[in-house]
Amino acid sequence: MKKILIVDDDMAMGEMCKELLKSKGYASDAVTHGKDAIEKVSMNGLYTIVLTDLVMPDMDGIEVLKKVKQHNPNIDVIVMTSYGTVTNAVEAMKLGASDYITKPFKRDELIIVIEKILQLQHLEGEVDRLRSELGEKYTFGNIIGESPKIKKIYEIISNVSNTEANILIQGETGTGKELVARAIHYNSTRKDYSFVKVDCAALAETLLESELFGHEKGSFTGATKDRIGRFRTADRGTVFLDEIGNISLSVQAKLLRVLQDSEFEAVGSDEPIKVNVRIIAATNADLEERVEKGLFRRDLFYRLNVIRILLPPLRERMDDIPMLVAHFLSIHNKKNRKKVEGLSREALTKLMSYNWPGNIRELENVVERAVILCKGNMIEPVDVPLYQEKIGALQDLSGKSLQVLMDQVERQIIINTLELTSADKEKAAKLLQISRASFYNKLNKHKITELL
Ligand SMILES: Nc1ncnc2c1ncn2[C@@H]1O[C@H](COP(=O)(O)OP(=O)(O)OP(=O)(O)O)[C@@H](O)[C@H]1O
Ligand SMILES: [Mg+2]
């Protein structure tokens, strides 16, 4: 509880003020010596206002004011002056007193002065609170960044989390789609139930169907026991459908029914199952284009796309790089027991002038490797080799056929892409816009699998 401290060598006056304040519900203590006041203020953090007489033997009110302010400038000091010493009050105001009151004063006068100060203190507290709240908004859970574009995303996340609307998150690889999906779930009323992620691209059609909806034992070869399915696991929680762009039309139809009626049947069963799930879908494909081409159902698209979150690529919010680098530095310093302090200006410039095709994931990988490789306590440009640079570095052209050189380049591109995706082959194939099969062929051809 906040308290007021009264300092007056006239004990009766001190007690009178104390009673008066008490009658209005304000707690206070009264002392008769300046040095007692200073001791009380420094021992006890509760005092937010000091009401002090100006003319006192030993230590005068100006001295009290100075010492209190030295100890804590946020404490408001009000001085009491007698008729004829107002000039002293003016001096006190110059030294930082918040207000003064002339003795003798009426009850109300004192109360008005005190309440005005309390109100100001309340407002200041409010401003501080808002400021720190804003500070927190520069990060949202684990999402880092303070560029206008990412702040917009924080705003959307906090606005949509507590609604039931389905959400479609679109963005290039590594822009944080999954991170955002999780942030939405953990900020929603569903947070005490499951967040279930299904990687739609990683599963063949039939597997995806039974993964999502479950199956009955014997419903297809390999279905040796019942499977409950992700939608039921996620009941009352959130299903995150990652890479939804390529799911088959038959799975699309089933999904649509879940979205419309919260109902579906397990594979091989005709018993409808009811669930209460919220769906967040993510894709780095252009879904509208797939709709136009007839590869994605329009009605499903509309149902998923109630709210769309478009995550900007890192190159459109480069001002977040320093903050992200600091974040990843601290993570990877800890992980690798290193004490890298930061980046040299040249290294930062290099990161700031790159186009980041792998977005934040790529940035994190670059920082992690730099932490491991870095010899001193600052990261230098050599510690942060970037994608294009590495391809440019194939200089040994002498006496080689075009085919051999092209193979070299292809190999390097594949290695770099795997680096971008943290060795996720599905993703790498997608980035390079080749099929999984031909990606695997190339891995074999260039003997890259041995490196993984
Ligand atoms: N704003 C951010 N702040 C901190 N870390 C981030 C941010 N955005 C992404 N990351 C990190 O970058 C990595 C990639 O993020 P995430 O997996 O969410 O991307 P994605 O968009 O789902 O990528 P993909 O399309 O390749 O699946 C993760 O390690 C994630 O923690
Ligand atoms: Mg993802």
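Tutor: Helix 6 passes helix 7 in a right-handed crossing (the near helix is turned clockwise from the far one by less than a right angle). Helices here are DSSP runs of H or I with at least four residues, and strands are runs of E with at least two, numbered from the N terminus. This is a predicted model, in which local features need pLDDT of at least 70 and side-chain atom pairs count only at pLDDT 80 or more, while totals for chains, interfaces and linings use all residues. Residues are numbered from 1 along each chain as its sequence is written, and chains are lettered from A and ligands numbered from 1 in the order in which they are written.

Axes are lines fitted to C-alpha atoms, for helices over the stretch in contact, and angles run from 0 to 180 degrees between N-to-C directions. On the helix 6 side the contact uses I153, I157 and V160, and on the helix 7 side V180, A183 and I184 (contact means C-beta atoms, placed from the backbone, within 7 Å). By class, this contact has 6 nonpolar residues, no polar and no charged. Nonpolar here covers Ala, Val, Leu, Ile, Met, Phe, Trp, Tyr, Cys and Pro; Asp, Glu, Lys and Arg count as charged, and the others, Gly among them, as polar.

Helix 7 also lies across strands 8, 9, 10, 13 and 14, and runs at about 165° to strand 13. What is the order of the strands in this open sheet? The 5 strands are arranged 9-10-13-8-14, with parallel pairing (two strands pair if DSSP finds at least two bridges between them). Strand 9 (195-199) and strand 14 (307-310) are at the edges with a single partner strand each, so one side of each has no neighbour in the sheet. From one strand to the next, the twist averages 20°. Inside the sheet, strand 8 (residues 167-170) is joined to strand 13 (residues 278-283) by 4 bridges, and the two run parallel. Q170 stands opposite T283 of strand 13. R236 has a phi near 70°, a positive value in a residue other than glycine.

Ligand 1 is surrounded by 19 residues, the closest being I144, T173, G176, K177 and E178; a residue is near the ligand if its C-beta atom, placed from the backbone, lies within 6 Å of it. At least two residues of this shell come from each of strand 7 (143-144), helix 7, helix 13 (321-336) and helix 15 (359-373). The shell has 5 nonpolar, 9 polar and 5 charged residues. Ligand 1 lies between domain 2 (144-312) and domain 3 (316-385), because both give residues to its shell. Domain bounds come from an automatic or database domain assignment, which for the protein chain also gives domain 1 (3-131) and domain 4 (387-452). The centres of domain 1 and domain 3, taken over C-alpha atoms, are 52 Å apart.

Technical notes. Two residues are in contact if their C-beta atoms, placed from the backbone, lie within 7 Å.
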